[in-house]
Amino acid sequence: MSGLTPRDEAKRLSTPPLQGRGKGWGVSAARLEELHARAKEMRNNPTEPEKRLWRLLSRKQIGAKFRRQSVIPPYIADFLCPELKLIVEVDGDTHDQPVDLRRDAALAALGYRVARVSNQDVMTNIEGVLELILSALAGSSVPHPNPSPEGEGLAAVEAQKLLGISLEGSVG
């Protein structure tokens, strides 16, 4: 036996490490290490919109636990609610829509739902962003402007009651 930890051995061999229940992510140990280092750097140096949104999502303030800059190889999610498999992405001017669509499809194949908000919305319409996130948490992936005539799904007010919060007086 080499005396190396399984993680160090995977790095030495440049093979995918085992993740949870023996399943590998399909990325090398070195790449996984890079992703974790980048995520840590991003947590330590958040953008202003990320700081503002984190103030609302941290400490289960909206009824669900979120993590910042979580690694889901080969991606880093801005905000992740692992329990409900919801990812909230804050997009700046540099985001490329075709790339984002491929990324969202890959994450959906892993069972995640992605809600995207712009930096501008976070900075100027935080109430609307919060409403979108609450709607996604309640089960719908993105609020539809024309709700089902059959009345399916939770209304925003019902979702707020369920999560024990109020958006009274907000614009959204």
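**Buried charges and what surrounds them**

Reply: Starting in the interior: Arg103 and Glu89 are both buried, where buried means under 20% relative accessible area, exposed over 50% and partly exposed in between (1.4 Å probe, protein chains only).

Me: Before we go on, what sort of model is this, and what are the ground rules?

Reply: This is a predicted model, where local features need pLDDT of at least 70 and side-chain atom pairs count only at pLDDT 80 or more, while totals for chains, interfaces and linings use all residues. Residues are numbered from 1 along each chain as its sequence is written, and side-chain values use heavy atoms, with hydrogens and water left out.

Me: OK, back to that pair. How do the side chains of Arg103 and Glu89 meet?

Reply: In a salt bridge, at 3.0 Å from N to O. The term here means a side-chain nitrogen of Lys or Arg within 4 Å of a carboxyl oxygen of Asp or Glu. Arg103 sits in helix α4 (residues 97-109) and Glu89 in strand β5, 14 residues apart, and the pair links distant parts of the chain. Helices (H or I, at least four residues) and strands (E, at least two) are DSSP runs, numbered from the N terminus.

Me: How many salt bridges by this rule?

Reply: The count is 8. Asp91, Asp100, Asp104 and Arg116 are linked in a network of them.

Me: Which side chains does Arg116 meet there?

Reply: Asp104 at 2.9 Å, N to O, and Asp100 at 3.7 Å, N to O. Arg116 is in strand β6 and Asp100 in helix α4, so that pair ties together parts 16 residues apart in sequence. Asp104 is in helix α4 too, so its pair with Arg116 ties together parts 12 residues apart.

Me: And is Arg116 buried or partly exposed?

Reply: Partly exposed, with a relative accessible area of 24%. Asp100 counts as buried at 11% relative accessibility, and so does Asp104 at 18%.

Me: Switching topic. What's the overall layout?

Reply: There are 7 helices and 6 strands, and along the sequence the pattern reads α-β-β-α-α-β-β-β-α-β-α-α-α. Of the 172 residues, 33% count as buried.

Me: What about the sheet, what's the strand order?

Reply: It's an open sheet of 4 strands, ordered β3-β4-β5-β6, with mixed pairing. Two strands pair if DSSP finds at least two bridges between them. The edge strands, each pairing on one side only, are β3 (67-72) and β6 (113-118). On average, neighbouring strands are turned by 45° against each other, direction ignored.

Me: How are β3 and β4 joined?

Reply: They run antiparallel with 5 bridges between them, and a hairpin connects them through 2 residues. Arg68 is opposite Phe79 in β4.

Me: And on to β5?

Reply: Strand β4 (residues 75-81) and strand β5 (residues 86-91) are antiparallel as well, joined by 3 bridges. Phe79 is opposite Val88 in β5, and Cys81 has Leu86 as its bridge partner. Their hairpin has 4 residues between the strands, and Lys85 there takes a positive phi near 55°.

Me: How enclosed is β4?

Reply: Largely enclosed by the rest of the structure, because 6 of its 7 residues are buried.

Me: Where does helix α3 lie?

Reply: Helix α3 (residues 48-57) lies across β3, β4 and β5, at about 35° to β4. Axes are lines fitted to C-alpha atoms, for helices over the stretch in contact, and angles run from 0 to 180 degrees between N-to-C directions.

Me: Last topic, the largest nonpolar core. How many residues?

Reply: It has 21, and Leu53, Ile62, Phe66, Leu86, Val88, Ile133 and Leu137 have the most contacts inside it. Such a core is a set of buried Ala, Val, Leu, Ile, Met, Phe, Trp, Tyr and Cys residues joined through side-chain atoms within 4.5 Å. The elements giving two or more residues are α3, β4, β5, β6 and α6 (126-137). Helix α6 supplies the largest share, 8 residues.

Me: And what is Ile133 in contact with?

Reply: Leaving aside neighbours within four places in sequence, Ile133 is in contact with Leu53, Leu57, Ile62, Phe66, Leu86 and Val88; contact means heavy atoms within 4.5 Å.
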